[in-house]
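This report describes one protein chain, starting with its overall layout and ending with two single residues. The sequence and structure are shown first.

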Amino acid sequence: MEVSLHSDYSFRVLMYLALHDETLTQIKSISDAYGISEYHLIKVVQNLVKIGYVESFRGRNGGIKLAVHPSTINLGQVFRQTEPSLRLLTCFDIQENTCTICGICDLQGVFDAALRGFLRELDAVSLEDVISNKKSLRKALKIPG
């Protein structure tokens, strides 16, 4: 299983903003810190604003910041909202299914259980949990403070 770039970048943006506390941040700063295309981050940030994790402020002194406290941002929920598909096998999608043994084999059940376990692990972690080493993270990302 591979996490999409959209989800990966969403987690990185949220972590970066959480390390900035309440300070407004420019997308360019995040792009530079991670070496990620600013264009891709704009799309990611737009989605994070739409789903309510990030606030955006326009104007000369504008920028972005977290809309909620990092302790209330659940990684499982973020993953579900940013990952384009949780379909691990074609038999997970009734409309796209072309498998002739669907419903007979046990493979779907095994992968379903694996996905539920993966999501259960993410559900147990908040954004605040993954930034506990703030000093080192800020240093690595060149964030003052």
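## Model and terms

Helices are DSSP runs of H or I with at least four residues, strands are runs of E with at least two, and both are numbered from the N terminus. By that definition, His 40 lies in helix 3.

The model is predicted. Its protein chain has a mean pLDDT of 90, with 95% of the residues at 70 or more. Where pLDDT is low, the predicted coordinates should not be read in detail.

## Overall layout

The protein chain contains six helices and two strands. Along the sequence they follow the pattern α-α-α-β-β-α-α-α. Taken along the principal axes, the C-alpha atoms fill a box of roughly 60 × 30 × 25 Å.

Of the 145 residues in the chain, 34% are buried. Among contacts with a separation of 6 or more, 63% are between residues 24 or more positions apart.

## The largest nonpolar core

The largest nonpolar core has 30 residues, and Val 13, Leu 14 and Val 54 touch the most other members. At least two core residues come from each of helix 1 (5-19), helix 2 (27-34), helix 3 (38-50), strand 2 (63-66), helix 4 (75-82) and helix 5 (107-123). Helix 1 gives the largest share, eight residues.

Leaving aside residues up to four places away in sequence, Val 54 touches Leu 14, Leu 17, Val 45, Leu 48, Val 49, Ile 64, Lys 65, Leu 66 and Ala 67.

## Helix 1 against helix 3

The axes of helix 1 and helix 3 come within 10 Å and cross at roughly 75 degrees. Angles of 65 to 115 degrees count as roughly perpendicular, so helix 1 is roughly perpendicular to helix 3.

On the helix 1 side, the contact is made by His 6, Tyr 9, Ser 10, Val 13 and Leu 14. Helix 3 contributes His 40, Leu 41, Lys 43, Val 44, Val 45, Asn 47 and Leu 48. By class, the residues of this contact are seven nonpolar, four polar and one charged.

## Helix 4 against helix 5

The axes of helix 4 and helix 5 come within 6 Å and cross at roughly 125 degrees. The two helices are therefore oblique to each other.

Leu 75, Gly 76, Gln 77, Phe 79 and Arg 80 of helix 4 meet Phe 118, Leu 119, Leu 122 and Asp 123 of helix 5 in this contact. The contact of helix 4 with helix 5 has five nonpolar, two polar and two charged residues.

Is Val 45 buried or exposed? A residue is buried when its relative accessible area is under 20%; Val 45, at 4% relative accessibility, therefore counts as buried. Val 45 has its place in helix 3. Not counting residues up to four places away in sequence, Val 45 touches Val 13, Ile 27, Val 54 and Ile 64. The C-alpha atoms of Val 45 and Leu 14 are separated by 9.2 Å, with the two residues 31 apart along the chain.

His 40, also in helix 3, has a relative accessible area of 41% and is partly exposed. His 40 and Leu 5 are 35 residues apart in sequence, and their C-alpha atoms are 9.2 Å apart in space.

Note on methods
Residues are numbered from 1 along each chain as its sequence is written. This is a predicted model: local features need pLDDT of at least 70, side-chain atom pairs count only at pLDDT 80 or more; totals for chains, interfaces and linings use all residues. Side-chain values use heavy atoms; hydrogens and water are left out. A nonpolar core is a set of buried Ala, Val, Leu, Ile, Met, Phe, Trp, Tyr and Cys residues joined through side-chain atoms within 4.5 Å. Buried means under 20% relative accessible area, exposed over 50%, partly exposed in between (1.4 Å probe, protein chains only). Contact means heavy atoms within 4.5 Å. pLDDT is the predictor's confidence in each residue, from 0 to 100. Axes are lines fitted to C-alpha atoms, for helices over the stretch in contact, and angles run from 0 to 180 degrees between N-to-C directions. Angles under 35 degrees count as roughly parallel, over 145 as roughly antiparallel, 65 to 115 as roughly perpendicular and the rest as oblique. Ala, Val, Leu, Ile, Met, Phe, Trp, Tyr, Cys and Pro count as nonpolar, Asp, Glu, Lys and Arg as charged, and the others, Gly among them, as polar.
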